[in-house]
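Let's take a friendly walk through a protein model, looking at its charged side chains and then at a piece of its surface. Please have the viewer open as you read.

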Amino acid sequence: MNSDALQTPYFYISETGLDTDASMLKEALFENWGSNHLVGYSVKTNSLPWLLQYMKAQGFYAEIVSDTEYRLVKELGFTDSQMIYNGPIKDRAIFETILLENGYINLDSTEEPEWLEELSAAYPQQIFSVGLRVNCDIAALCPNEVLVEEEGGRFGYCYENGKLKEVMHRLSALPNVKVAGLHLHSSTQSRTVEVYAALASMAVRIAEEYSLDLSYVDMGGGYFGGREDKPDYRDYFPAICSKLREKFDPSHTTLIAEPGVSLISRATTFVTSVKDIKEIRGHSFLVTDGSRTNLNPLVTRHVYPHHLFYCDDPAGRPLVKSQWVTGFTCMEYDRLFEITDSPALRPGDKVIYDTAGGYTMCLNPLFIHYFPAVYVEHRDGSLFKARDPWDIKEFMQKNYTEERNSHE
Ligand SMILES: Cc1ncc(COP(=O)(O)O)c(C=O)c1O
């Protein structure tokens, strides 16, 4: 398979690019915390089966937040003990299975402590170790941090209003249940090193305040990765670990990280072709077979890092003051970026989006077109098709009409 001949649009994964970040993460964890660390790859970020298999081969666990993710990673060979089950709505049966099989669970909801009370009574001989998702006031800890939502985070048990304390108190009444971990994932827009240091200090503060003997501290995900202009694991983990060491001993307490997009960004691109050029009232619109919906389904972004690939020498082409790259959908807002004072693009040229697809390879609306194909460039340069583009067969599955009447 030759990549020039591939039918666009498609996502492209460089295995070597993935290796770079996976190795950087392992080294940063090892150098700052020794061998007692664990990576739970965030399955929600990108659940492409090929990628999950890759993460498994790296020795990473699966960080899951739903019953579907549970079944998917099971299908791909992760055992229950290789799972970290998070999220605000858990499936009770899966919750119990993972706990009984010594996987990791970070409680988040009102009902989970109730489940645990019943489970601990049903299995009095078994010790249950659980973690608690901490909700703390990041705006107060890091006033300069840009939050995702103005109101602050909504996950976990709130430290400031005493809910966290209340859950701990409730669980301490159960003789065979131990609060073994704290989970401090935070997703902020600015993703600064300072916010991770502040969260690590929070873990120290909570462990001291409530005399917790923790087997793990889970710092969650949300890191930058694969971007020259931003911090990476080599910046985050020295800051996290120096704070954690004020209280925790790396030989006793496991450091967990749950990265998603930071492991993938560098390695992924989205390749599209120019299909048509429309000159309308002084504007030049390049119609491509990709879309904003493939790259940013919520259509909130205005910057799309990219490079161009001309199908022949652009030197002889006329210079055009403004060319707007647009998508295949019939939505007017489907305009990606403007190319100014550059050679005229023509059908067959490619627009290749860099660091694209970390989330959207799977978080991609089934709007007009369905999931694009995914190709992987292996370490030896060979190409592997990891996903066929979805067509009507995939779209129609499990759909019924009166005429087709195929409920069997
Ligand atoms: C609990 C948890 N862990 C890890 C992640 C991964 O985040 P990212 O892809 O930004 O690294 C998320 C994402 O929302 C999350 O909610």
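Which residue forms a salt bridge with Lys-163? The partner is Glu-166, and the closest N and O atoms of the two are 3.7 Å apart. Before going further, please keep in mind that this is a predicted model. Both Lys-163 and Glu-166 belong to helix H7, which covers residues 163-172. Three residues separate them, about one turn of the helix. How accessible are the two partners? Lys-163 has a relative accessibility of 40% and counts as partly exposed.

Another of them brings together Asp-21 and Arg-266, with 2.7 Å between the closest N and O atoms. Here the link is between distant parts of the chain, as the two residues are 245 residues apart. Asp-21 sits in helix H1 (residues 15-33), while Arg-266 is in the loop between strand S10 (254-257) and strand S11 (268-280). Is Asp-21 buried or exposed? Asp-21 is buried, because its relative accessible area is 1% and anything under 20% falls in that class. Arg-266, on the other hand, is partly exposed, with a relative accessible area of 30%.

Now move along to Lys-385 and Asp-388, whose side chains meet in a salt bridge with an N to O distance of 2.6 Å. Lys-385 counts as partly exposed at 38% relative accessibility, and Asp-388 counts as partly exposed at 45%. Elsewhere, salt bridges that share partners join four residues into one network: Asp-312, Arg-317, Arg-346 and Asp-349.

Let's finish with nonpolar side chains. Which residues make a nonpolar surface patch of about 330 Å²? They are Met-331, Tyr-333, Phe-367 and Ile-368.

Note on methods. Residues numbered from 1 in each chain as written. Predicted model: local features only at pLDDT ≥ 70, side-chain atom pairs only at ≥ 80, totals over all residues. Heavy atoms only, no water. Helix = DSSP H or I, 4+ residues; strand = E, 2+ residues; numbered from the N terminus. Buried < 20%, exposed > 50% of the residue type's maximum accessible area, 1.4 Å probe, protein only. Patch = residues over 30% accessible without salt bridge, like charges linked within 9 Å, V, L, I, M, F, W, Y side chains within 5 Å. Areas by Shrake-Rupley, 256 points an atom, 1.4 Å probe, with all protein chains shown as cover.
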